[in-house]
Amino acid sequence: MKRKSTTPPGWAIRFFKWLCNDHLVEAVLGDMIELYQRRRTYMQRWRADILFILNVVQFIQPFAVRKKSASLNSISMYKNYITIAWRTFRKSTGYSFINIAGLAVGLSACLLIGLYVQHELSFDNFHEKGARVFRVNMELKFGDNHLDLAVANPLFGETAKTEIQEVETFTRLQWYGSLLVKKGNENIKEENVAWADSTLFDVFTLPMISGNPKTALTEPHSIVVTESVARKYFDNTDVVGETLTINNTESRKITGVIKDLPSNMHIRFTSFVPIVERNDALDGTWAGSQNWNTYLLLKQNANANEVVPLLNKMLDRHLGPQLQQVIGKSLDEFNSEGNFFKTSLTPLHDIYLYSNRIGELYGVGNIQYVYIFSAIAACILIIAIINFMNLATARSANRAREVGMRKVMGSMKGALIAQFITESVLTCTAAMVIAVAITVGVFPVFNELTGKALDVSLLMTPTVITGLIVLALLVGIISGSYPAFYLSAFQPVSVLKGAGLSGKRSSFRNVLVVFQFAASILLIASTLIVFRQLQYIQHKDIGYERNQVVTIYNIDKLGNRAEALKTSLRQVPGIENATVTGYLPVNYYRSTDSFFTSPLLDTKDMISMQEWKVDEDYLATMGMQLVEGRNFSKDIATDSSSLIINEAAAKFLGGENVLEKKLYNIINEETRELKEFRIIGIVKDFNFSSLRETVKPLAFVYGLNDGGLSVRLAPNEITKTLSTIENTWKTIATDIPFEYSFMDADFDRLYRGERQTGKLITYFATLSILISCLGLFGLATFMTEQRNKEIGIRKVMGATVPGITALLSKDFLKLVLFAIVIAIPIAWYFTGLWLQDFAYHIELEWWLFALAGVVALLIALLTVSVQAIKAAVQNPVTSLRQE
Amino acid sequence: MKGTYIGEFEELVLLSVGILFDDAYGLAIVDELEKQTGRTIMISSVHKALVRLEDKGYLKSRMGGSTETRGGRDKRLYQLTQSGKKVLAESRELRNEMWKQVPKIVWEGGKA
């Protein structure tokens with residue numbers, strides 16, 4: 001509303017009227033308005049307004065302030081409410097404890113989930129130019145191969161920058177592998193090292209503590225490290241110009257120290273080395289290997305939706321001539337066979353949650369889990385609030401007389417509502433404080449469960465604190481309102497006379513109970529299914545023996561000593577076998593190559609397979625089985641051009657007489673030089689990526705790869721064997737750290753996401769069931785207390801204890817049955833959706849859901865019957881005598 | 001002196017009420033004081049003094065004299081009571097008495 005330009009702000013006037021006593025209010029307000037009018041003749045309105053407000057403020061002094069007799073009364077009434085709330089609390093400590101604990105636990109679960117979800121959603125939201133940064137994706141289809149990649153060829157970024165004016169700049173990243181950095185006499189392994197373009201700091205916001213971001217990654221043999229790496233080697237961060245000794249021989253000059261990458265960035269590198277060192281950095285073909293994670297920074301006002309078609313046109317322009325040269329087909333011919341090369345952009349902010357392509361730099365999150373957890377948090381919060389409401393109503397039965405008394409003494413309905421809302425807000429605030437304490441207490445455990453490094457200080461931001469206060473008030477008012485209105489509506493005469501409370505509102509309470517149990521059953525069923533699926537993954541026959549296999553790392557640092565190590569390790573008693581290769585079913589270390597079934601290189605006959613370089617001991621060490629054919633052999637010279645393929649690849653090649661077939665693969669794209677491979681064996685399918693995917697075609701080639709050395713141990717004396725291995729290592733490589741891992745642990749790591757989710761869901765489901773039970777317990781108490789006299793009379797008339805127990809339990813069981821009917825279809829739908837994500841999954845069986853229902857029913861029965869039996873065995877005289 | 005003491009500011013307020021005669025209300029007193037002393041006077045301190053002086057019985061007040069510029073609100077018009085006049089007179093007397101006791105040499109700029 002617009003006020004007249006000649007009057008001061010209305011709220012200030014109202015405030016003054018409220019503040020000032022009757023003696024002065026009229027005269028002083030008049031004076032101040034007169035003064036205001038006078039000021040308005042020579043100053044702007046806002047100045048006059050401010051001076052007016054200052055004048056009002058000056059009057060906040062004892063001489064002017066209203067001494068409200070009315071307000072004093074209501075203050076003492078509130079004091080009384082608090083006293084009564086405290087007394088009620090003391091009188092029934094058990095109930096109050098249940099009530100507060102239930103809410104506190106529920107709230108702290110919500111807080112934890114809230115923090116988790118907030119962290120998931122906050123990925124890459126801190127980059128200054130974040131809204132303009134996009135990651136380039138490539139989608140390729142040729143023959144029956146379809147690949148969705150997070151990487152592009154080496155030329156893509158540079159070409160986009162020169163040819164498309166909307167592209168301001170670009171930067172590329174690629175895993176470097178690991179570095180051995182010398183500290184004193186020791187070598188320390190730095191794992192998270194990346195190749196990066198010098199434009200890295202133009203695209204991402206990575207604040208540099210010392211060094212020049214413009215030039216830091218422009219010279220060869222330089223390195224940019226994070227603060228913690230700098231501290232690790234030099235104990236301070238002012239180390240620009242210092243030199244790190246790498247892999248014992250090279251040296252790299254530190255040209256920049258950046259702040260540690262935030263935990264909510266999709267990459268977690270700790271060091272960057274300049275791409276300029278690489279002679280293949282701008283070398284390659286458009287159809288060739290796609291291996292650079294490329295980020296484009298678009299110009300201000302550029303629209304990504306308009307840039308994507310331009311990028312695709314650019315791609316076609318460069319791809320066409322090269323296809324012609326390599327496979328002898330024009331782009332149109334290539335496309336008309338159903339093949340394509342396409343590019344798309346993923347906004348920086350969406351990489352973590354929405355993109356899960358081949359070649360992501362780090363593991364990504366899953367928006368599905370964000371939804372699942374938000375839903376769980378909502379369920380728990382609602383269950384906790386319903387529980388609180390039910391308990392408060394139940395306890396109100398004991399407060400009826402107090403309410404009657406208050407009414408008789410002249411308390412208005414509004415005052416009674418105020419009383420109960422005050423009580424509930426107080427309880428809620430207490431619960432909130434306890435919830436924060438619980439959250440802080442279990443934070444480390446929660447971090448371990450989720451595998452995140454959330455900071456508890458996230459709880460201390462103004463937004464969260466305001467949110468908590470608002471939530472406490474809101475929950476207090478919502479959960480207090482039902483009992484408040486319910487209790488204040490009592491007829492004083494009937495409650496004072498001791499008549500039973502009307503059960504009219506029980507339909508609403510029934511709805512609450514049904515809802516609460518439906519939510520619990522949903523969580524129980526989901527938990528059962530998630531749990532079984534994870535069990536299934538753990539115990540599925542995956543085609544190799546992952547137990548008792550140890551992988552030793554840093555083999556690539558040994559150079560030509562690798563073979564010697566393998567030879568001496570094979571002589572160690574307790575080692576059954578050893579193989580040198582980095583290609584393991586539990587690694588991400590992969591490369592894919594294209595093979596053709598004829599030298600004509602027809603894309604129709606192309607098969608894209610992972611190509612793993614292994615030695616002759618690989619199959620035995622991994623416990624893989626040959627279905628047909630033979631293993632590689634040292635003694636057969638032609639094995640260097642032999643392949644062992646898996647069943648999936650064999651099926652792709654038609655399945656019959658595969659061992660007679662030959663495969664061809666391009667060695668040189670320009671000269672079209674080919675290499676011919678013979679298939680000598682077929683290995684039983686084994687899982688080498690997530691069980692979310694089916695087994696893809698794969699080929700073993702005979703050759704040396706020094707990415708690791710794996711040994712199979714005899715089942716006995718594993719510890720002793722391990723120390724023997726370490727000693728052997730030390731005789732061969734004194735300067736390189738001995739590092740190893742167990743393959744079953746590596747396998748578990750592949751499914752860590754699922755396991756963590758499973759565990760979290762289990763915990764939260766248990767919590768919600770517990771809270772539901774608290775609510776049900778309170779409700780059962782309330783109902784039995786209500787029917788105290790009825791039970792007494794029934795007993796006098798000859799009813800038995802089991803009869804009465806059944807009578808009292810029946811009502812609740814009906815509600816739970818109803819909840820089962822509602823919850824199971826929902827659970828069926830959502831768990832089905834989740835399972836579809838796995839190529840290998842359990843079937844949804846009816847008994848799983850039946851079990852969830854039975855569990856809920858049993859829990860309800862147990863909770864209710866405790867109260868029912870207590871009421872049933874009571875001496876009828878006690879209940880009948882009271883009037 | 002016993003109990004009839006008033007502060008300098010209170011004395012000035014009382015005098016202003018006298019000067020303004022039948023239109024002595026808060027803002028007018030503020031204006032008068034600012035004009036006479038050249039100091040900036042806070043409206044709240046004037047009202048505070050007025051309340052105190054009325055409590056002590058030196059002033060009496062009535063409501064009246066609303067104008068358009070005041071949003072139609074009445075003024076609280078103050079008037080000196082008998083004891084108000086008396087306390088002013090006593091205060092003046094005391095000063096005069098003390099003035100007389102200051103040796104002439106002080107005023108004539110003697111070499112003290």
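Two residues are taken to be in contact when their C-beta atoms, placed from the backbone, lie within 7 Å. In the predicted model, A:Ile380 by this criterion touches A:Gly106, A:Ala109, A:Cys110, A:Phe764, A:Leu767 and A:Ser768, with residues up to four places away in sequence left out of the count.

At least three residues of the core come from each of domain 2 (73-132 + 368-502) and domain 4 (504-541 + 743-883) of chain A.

Helix H24 (residues 801-835) of chain A contains A:Ile820. Because 22 other C-beta atoms lie within 10 Å, A:Ile820 is classed as buried. Its contacts, again without residues up to four places away in sequence, are A:Ile521, A:Gly853 and A:Ala856.

Helix H20 (residues 718-732) of chain A has 15 residues, and the distance from its first C-alpha to its last is 21 Å, close to the 21 Å expected at 1.5 Å a residue. Its buried residues are A:Thr721, A:Ile725 and A:Trp729. These cover an arc of only 85° around the axis and therefore lie on the same side of H20(A). They pack against helix H17 (562-570), strand S13 (575-580) and strand S21 (709-713) of chain A. The face of H20(A) turned away from the buried side carries the exposed residues A:Thr719, A:Lys720, A:Ser723, A:Glu726, A:Asn727, A:Lys730 and A:Thr731.

Between the two chains, 17 residues of chain B are in contact with 19 residues of chain A. On the chain B side, the elements that give two or more residues are helix H2 (26-37), helix H3 (43-56) and strand S2 (75-80). H3(B) gives the most, with five residues. By class, this side of chain B consists of six nonpolar, five polar and six charged residues.

Notes: Residues numbered from 1 in each chain as written. Chains lettered and ligands numbered in written order. Predicted model: local features only at pLDDT ≥ 70, side-chain atom pairs only at ≥ 80, totals over all residues. Helix = DSSP H or I, 4+ residues; strand = E, 2+ residues; numbered from the N terminus. Nonpolar A, V, L, I, M, F, W, Y, C, P; charged D, E, K, R; others polar. Expected span 1.5 Å × (residues − 1). Buried ≥ 20, exposed ≤ 12 C-beta atoms within 10 Å, placed from the backbone. Arc of directions from axis to C-beta. Domains from an automatic or database assignment.
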